[in-house]
Structures are given as C-alpha cells and as structure tokens.
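This report covers one protein chain and how its parts are put together. The sequence and the coordinates come first, and the description follows.

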Amino acid sequence: MTRTIHIALDINGQRHELDLEPRVTLLDALREHLSLTGTKKGCDQGQCGACTCHVDGKRVLSCLTLAAQVEGRAITTIEGIVGETGDLHPVQAAFIEHDAFQCGYCTPGQIMSAVACIREGHAGSDTEIREYMSGNLCRCGAYNSIVAAVRQAAEVA
C-alpha cells in the first residue's frame with residue numbers, strides 16, 4: 001500500500017487540499033492532481049525551465065520541488081498572473097507584441113522567469129536579461145524576441 005500525506009497548497013490565491021505520495025513534485029501536483037496544465041513538463045530534470053513557477057515570489061523549478069516542501073507558501077503559476085479584471089500581465093502582452101514564441105511550449109516558463117527577472121531588478125540591460133533568463137531554454141530560438149519583450153515589460157513595470 002502506498003503511503004500518502006495530506007497537504008494544503010495555496011495556489012494562485014486559492015487553497016487546495018490534496019492527499020499525495022510524499023515524492024510527488026509540485027509540477028505533477030499542479031498538472032496531474034489539480035489540472036493546472038499551463039506549467040509545462042519539459043525535461044523533468046531542472047534543465048529547461050519550462051516548469052518555472054513562483055513560490056513566495058521567487059522562481060522555482062517545479063519539477064525539482066516536492067509539493068510537500070511548499071505547503072503553506074504562496075505558489076503562483078502562469079494561470080495566476082492575469083490581472084483581476086482578466087487583463088494580460090504586461091509580460092504576457094509584451095510577448096505577444098514581440099512574437100516572443102514560436103511553438104509556445106516554453107512560453108509559460110519564460111514568462112514566469114521574466115516576471116521574476118523584472119520584479120527582482122535584473123532587467124537593466126539586454127545582457128542582464130539574457131543572463132537572468134539563461135535557465136529557460138527555447139528550442140525554437142526566439143531569444144531576441146524574448147529579450148525585447150522583457151525589456152519592454154520592464155519599462156512599464
């Protein structure tokens with residue numbers, strides 16, 4: 001018999017109570033148990049950044065984070081950054097304006113990293129943006145457009 005633990009996760013301002021195996025990652029809890037599929041499973045090894053979300057305002061790789069580790073902390077996924085009125089987040093709008101995606105698979109993780117990049121003051125130059133965003137891979141190579149979008153969003157933030 002598989003042992004489960006009861007945890008409460010605060011995701012995008014809502015509390016979710018779950019019974020999970022202790023080894024379940026935050027990524028799998030989001031996607032498989034809560035149907036929050038905006039956070040993507042890319043490499044499942046912490047190397048691509050597709051699973052990036054925020055815990056207490058800081059970016060984390062949800063594929064390397066156990067769900068039980070983040071109990072009682074504020075978790076934000078790509079679904080949670082839209083404004084209260086449904087308006088796009090400035091980073092989302094800038095990604096659209098600069099066509100900063102092609103296949104779109106990495107886009108949620110890129111956007112979540114970009115939001116953190118701006119919030120933490122790491123968007124002062126293209127070089128700084130590239131360095132801070134380097135943990136997020138884009139297999140389509142939309143990096144120039146991603147940097148332009150982050151730069152634009154940083155100007156309005």
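Domain bounds here come from an automatic or database domain assignment. The model is predicted. With those bounds, the protein chain is divided into domain 1 (5–76) and domain 2 (90–155), and the C-alpha centres of the two domains lie 22 Å apart. The contact between them takes 15 residues from domain 1 and 14 residues from domain 2.

**The domain interface**

Domain 1 and domain 2 bury about 1200 Å² between them, and 48% of this area is on carbon and sulfur atoms. Of the area that domain 1 buries against domain 2, 42% is supplied by Cys48, His54 and Arg59, more than by any other three residues. Zero salt bridges are counted between domain 1 and domain 2. Polar contacts are found across the interface, however: nine residue pairs, with both residues at pLDDT 80 or more. On the side of domain 1 that touches domain 2, β3 and β4 each supply at least two residues. The largest share of that side, three residues, comes from β3.

Strand β3 (residues 52–55) and strand β4 (residues 58–61) pair in the antiparallel sense over four bridges. One of the residues with a partner in β4 is Thr52, which bridges to Leu61. The hairpin has two residues between the strands, and Asp56 in this hairpin takes a positive phi near 55°.

His54 is found in β3. Is His54 buried or exposed? Its relative accessibility is 2%, and because the cut-off for buried is under 20%, His54 counts as buried. A polar atom of the His54 side chain lies 2.7 Å from the backbone oxygen of Met112. Apart from residues up to four places away in sequence, His54 touches Arg59, Ala74, Ile75, Thr76, Met112, Val115, Ala116 and Arg119.

**Ala50 and helix α1**

Ala50 lies in the loop between α1 (26–33) and β3. Ala50 is buried, with a relative accessible area of 4%. Leaving aside neighbours within four places in sequence, Ala50 is in contact with Thr39, Lys40, Gly42, Tyr105 and Gly109. The C-alpha atoms of Ala50 and Glu128 are separated by 20 Å, and the two residues are 78 residues apart along the chain.

In α1, the residues Leu26, Leu27, Asp28, Ala29 and Leu30 are buried. What do the buried residues of α1 pack against? They pack against β1 (5–11), β2 (14–20), β3 and β5 (74–76). Just after α1, Ser35 takes a positive phi of about 55°.

**Salt bridges**

How many salt bridges does the structure hold? The structure holds six.

| Pair | N to O distance |
|---|---|
| Glu21 and Arg23 | 2.8 Å |
| Arg73 and Asp56 | 3.0 Å |
| Arg151 and Asp126 | 2.7 Å |

In the pair of Glu21 and Arg23, Glu21 is partly exposed, with a relative accessible area of 26%, whereas Arg23 is exposed, with a relative accessible area of 64%.

The side chains of Arg73 and Asp56 meet in a salt bridge. Arg73 lies in the loop between β4 and β5 and Asp56 in the loop between β3 and β4, so this pair ties together parts that are 17 residues apart in sequence. Arg73 counts as partly exposed at 34% relative accessibility, and Asp56 is partly exposed with a relative accessible area of 45%. Asp56 is also the residue that takes a positive phi in the hairpin of β3 and β4.

Arg151 forms a salt bridge with Asp126. Arg151 lies in helix α5 (residues 143–156) and Asp126 in helix α4 (residues 126–132), so the pair ties together parts that are 25 residues apart in sequence. Arg151 is partly exposed, with a relative accessible area of 34%. Asp126 is partly exposed too, with a relative accessible area of 30%.

Salt bridges also link Asp28, Lys41 and Asp44 in a network. Asp28 is one of the buried residues of α1.

How values were computed
Residues numbered from 1 in each chain as written. Predicted model: local features only at pLDDT ≥ 70, side-chain atom pairs only at ≥ 80, totals over all residues. Heavy atoms only, no water. Buried < 20%, exposed > 50% of the residue type's maximum accessible area, 1.4 Å probe, protein only. Polar contact = N/O pair within 3.5 Å; in protein donor to acceptor, adjacent residues only side chain to side chain. Contact = heavy atoms within 4.5 Å. Pairing = 2+ DSSP bridges. Buried area = accessible area lost by both parts, 1.4 Å probe. Salt bridge = Lys/Arg side-chain N within 4 Å of Asp/Glu carboxyl O.
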